[in-house]
Amino acid sequence: MLKDFSKDEFDIIIQAGQSNSEGCGVGIAEKPFTPNGDVWYLNNDFTISPARELVVGNEIVSNFSLSFAEEYIGRGRLKNGRKLLIVRAAVGGTGFSDKRWGIDDDLFLRMMEMTKTALSLNPKNRLAALLWHQGETDALNGVTHKGYVANLTTLINRVRETFDCRDLPFIAADFVSEWKNDNLQVCIPIIQAIKEVCANDGHARFFETSDLQSNNQRTGNGDTIHFCREALNILGVRYFNAYCEIVSY
């Protein structure tokens, strides 16, 4: 029998962007996430399932929403009787330049429908934050600083306007340093654009990731573009700390 979520009250976190938001981190990490009844996923097929790390072959693959959720609950942001629902809207290898995240494009429209679905489950559900990690595809496709600023600003504004949440916290982070340093010329315009958007928005934050390792640095598997599992755990804590700065918690 399918679970009835109409009686559950959720704080909703939107997790969007491409593969580092989707979660591709492998390797040893302390404090493995334990599925529980407080944290749930709204998946991109619109099913709802307990939040958990993904087992792929002999590896456990994580994403930063899990450590964000642990901090959100552990530091008292989730009120008694409420649960956390993570809208898992990210898809690897996607951007604005390939017509996936513009406001008329499929992934943006699906993210909006997922969010509407999450809110419609219970009238007391509320949006808490939009966590964004994206830009590698647009860097490789040569998107300009100006073009990325326009696209990202439009995305943020449309989400806030649609859901009547003008102060919705928006948080973004830098790329994996190992990969960025190998592609610095194309990465700089995108990273500077994300920083600019966040700096000019009173309810947004950007943070650095230069000390966080890639999968390759952690495991030697040749994957330089993705944060390792341990780094993703740290990343989620930093997303939460940035969220606290925005909401003055």
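Trainee: What share of the accessible surface of the protein belongs to carbon and sulfur atoms?

Mentor: This is a predicted model, in which local features need pLDDT of at least 70 and side-chain atom pairs count only at pLDDT 80 or more, while totals for chains, interfaces and linings use all residues. Residues are numbered from 1 along each chain as its sequence is written, and side-chain values use heavy atoms, with hydrogens and water left out. Accessible areas come from the Shrake-Rupley method with a 1.4 Å probe, and for residues only the protein chains shown count as cover. The accessible surface comes to about 11000 Å², and the share belonging to carbon and sulfur atoms is 49%.

Trainee: Which radius of gyration does the protein have, and what would a compact globule have?

Mentor: The radius is taken over C-alpha atoms, and the globule rule is 2.2 Å times the number of residues to the power 0.38. Along its principal axes, the C-alpha trace spans about 50 × 40 × 35 Å. For 249 residues a compact globule would have a radius near 18 Å, and the protein agrees with this at 17 Å.

Trainee: What percentage of the residues count as buried?

Mentor: Buried means under 20% relative accessible area, exposed means over 50%, and partly exposed lies in between (1.4 Å probe, protein chains only). Of the 249 residues of the protein, the buried share is 53%.

Trainee: How many salt bridges does a search of the whole structure find?

Mentor: Side chains of opposite charge can pair when their charged atoms come close. The criterion is a side-chain nitrogen of Lys or Arg within 4 Å of a carboxyl oxygen of Asp or Glu. By that criterion, the number of salt bridges found in the whole structure is 17.

Trainee: How many residues apart in sequence are the parts tied together by Lys-83 and Asp-8?

Mentor: Lys-83 forms a salt bridge with Asp-8, with the closest N and O atoms 3.2 Å apart. Helices (H or I, at least four residues) and strands (E, at least two) are DSSP runs, numbered from the N terminus. Lys-83 is buried at 18% relative accessibility, and Asp-8 is buried at 11%. Because Lys-83 lies in strand S6 (residues 82-88) and Asp-8 in the segment before strand S1 (9-17), the pair ties together parts whose separation in sequence is 75 residues.

Trainee: Is Asp-11 buried or exposed?

Mentor: Asp-11 forms a salt bridge with Arg-126, the closest N and O atoms being 3.4 Å apart. This pair links strand S1, which holds Asp-11, with strand S7 (residues 126-133), which holds Arg-126, 115 residues apart. Arg-126 is partly exposed at 34% relative accessibility. Asp-11, with a relative accessible area of 1%, is buried.

Trainee: Which residues are linked with Asp-11 and Arg-126 in a network of salt bridges?

Mentor: The salt bridge between Arg-126 and Asp-11 belongs to a network.

Trainee: Which strand holds Arg-205, the partner of Glu-245?

Mentor: Glu-245 and Arg-205 form a salt bridge, with the closest N and O atoms 3.1 Å apart. The pair ties together parts 40 residues apart in sequence, because Glu-245 lies in helix H9 (residues 229-247) and Arg-205 in another element. Glu-245 is partly exposed at 47%, and Arg-205 is partly exposed at 25%. The strand of Arg-205 is S9 (residues 204-207).

Trainee: With which residues is Glu-136 in contact, leaving aside its neighbours within four places in sequence?

Mentor: Glu-136 is found in helix H4 (residues 136-140) and is buried, with a relative accessible area of 2%. Contact means heavy atoms within 4.5 Å. With those neighbours left aside, the residues in contact are Gln-18, Asn-20, Phe-175, Trp-179 and Ile-225.

Trainee: Against which elements do the buried residues of H2 pack?

Mentor: Helix H2 (residues 64-74) has several buried residues, among them Phe-64, Leu-66, Phe-68 and Tyr-72. The elements against which the buried residues of H2 pack are S1, helix H1 (19-22), strand S2 (39-42), S6, S7 and H9.

Trainee: What is the phi of Lys-99?

Mentor: Lys-99 lies in the loop between S6 and helix H3 (106-120) and is exposed, with a relative accessible area of 59%. Although Lys-99 is not a glycine, its phi is positive, at about 65 degrees.
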